[in-house]
Amino acid sequence: MDCRWLLWMPLLWAAGCSQPARDAAPVIESASTANKGAKPMSDKVEKSQEEWRNILTPEQYRILREKGTERAFTGKYWNFKGEGTYVCAGCGQELFTSDTKFDSGCGWPSFWDAVDKSKIVTKDDNSFGMRRIEVMCSRCGGHLGHVFDDGPKPTGQRYCINSASISFKEKKGKKQNEANGK
Ligand SMILES: [Zn+2]
C-alpha cells in the first residue's frame with residue numbers, strides 16, 4: 001500500500017511544478033500598432049508656390065521646387081571644403097555634413113551619406129531617358145539632386161546635390177583664427 005503511493009509522488013510533484021510556467025506566459029501588446037497614424041517628429045513644411053518664390057532666390061526656386069539642376073562646376077559648394085553642416089535651403093533641416101563630403105569630380109557637391117536617412121526621401125526618376133533616383137528633403141519636399149551607387153566606402157553611395165538646394169553652416173567652436181589664417 002505505502003509503496004504504491006511512493007511511486008506516484010514524483011509524478012504529482014512534477015505536475016505541480018509545471019503549473020506556474022503556464023501562468024507566467026508573457027502578454028505582449030503590439031507597440032507598432034499603437035503608433036500607426038501618428039505624426040512624425042519633425043513637422044512638414046508646406047508652402048504655396050507664391051510663398052516659396054518669396055523666400056527663395058530664382059535659382060533656388062527653380063531647383064528646389066521645379067526639380068531643376070544647376071550647371072556642373074558652377075555651384076557654391078562643389079569645390080568647397082569647410083567643416084560643418086549642410087542644411088536644406090528651403091526649410092533649414094540638416095541634411096549632410098562635411099564629414100561625408102568627398103571630391104567626386106562630377107561638378108556638384110557629393111556626399112557618401114546623409115546625416116540621417118529620415119531627413120531625406122528618395123524616388124525613382126525616369127525623366128530625360130535616364131533611370132535615376134531623386135533625393136528630396138523629407139521636411140519640405142524640396143528637390144536636392146540624385147543618389148547613385150558609385151560612391152566610396154563605406155556606403156558606396158554618391159549623393160549628387162545641387163549647391164543651390166543646400167546652405168552651409170560652419171561647425172560651432174571652430175577657431176576664428178584658423179578660418180582667417182587660410
Ligand atoms: Zn527642406
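What percentage of the 182 residues in the protein is buried? Buried residues make up 23%, where buried means that 20 or more other C-beta atoms lie within 10 Å of the residue's own, exposed means 12 or fewer, and partly exposed is in between, with C-beta atoms placed from the backbone.

Some ground rules before we go on. Residue numbers start from 1 along each chain, as its sequence is written. The model is predicted, so local features need pLDDT of at least 70 and side-chain atom pairs count only at pLDDT 80 or more, while totals for chains, interfaces and linings use all residues.

**The parts list**

The protein has 5 helices and 9 strands. Both are DSSP runs numbered from the N terminus: helices are H or I with at least four residues, strands are E with at least two. Read from the N terminus, the order is α-α-α-α-β-β-β-β-β-β-β-β-β-α.

Let's start with the open sheet of 6 strands, which runs β3-β4-β8-β7-β6-β5 with antiparallel pairing. Two strands pair if DSSP finds at least two bridges between them. At the edges stand β3 (101-102) and β5 (120-125); each has a single partner strand, so one side of each is left without a neighbour in the sheet. β3 pairs with β4 (residues 110-111) over 2 bridges, in the antiparallel sense, and K101 stands opposite F111 in β4.

There is also an open sheet of 3 strands, in the order β2-β1-β9, again antiparallel. Here β2 (94-97) and β9 (166-170) are the edge strands, each pairing on one side only. β1 (residues 84-88) and β9 are joined in the antiparallel sense by 5 bridges; T85, for instance, has K169 in β9 as its bridge partner.

Two residues other than glycine have a positive phi. Here they are side by side:

One more thing to look for is a cis peptide bond, which joins K153 and P154 with omega at about 5°. You'll find P154 in the loop between β7 (143-148) and β8 (158-161).

**Contacts along the chain**

Finally, take the contacts in the protein with a separation of 6 or more: residues 24 or more positions apart account for 55% of them. A contact here means that the C-beta atoms of two residues, placed from the backbone, lie within 7 Å.
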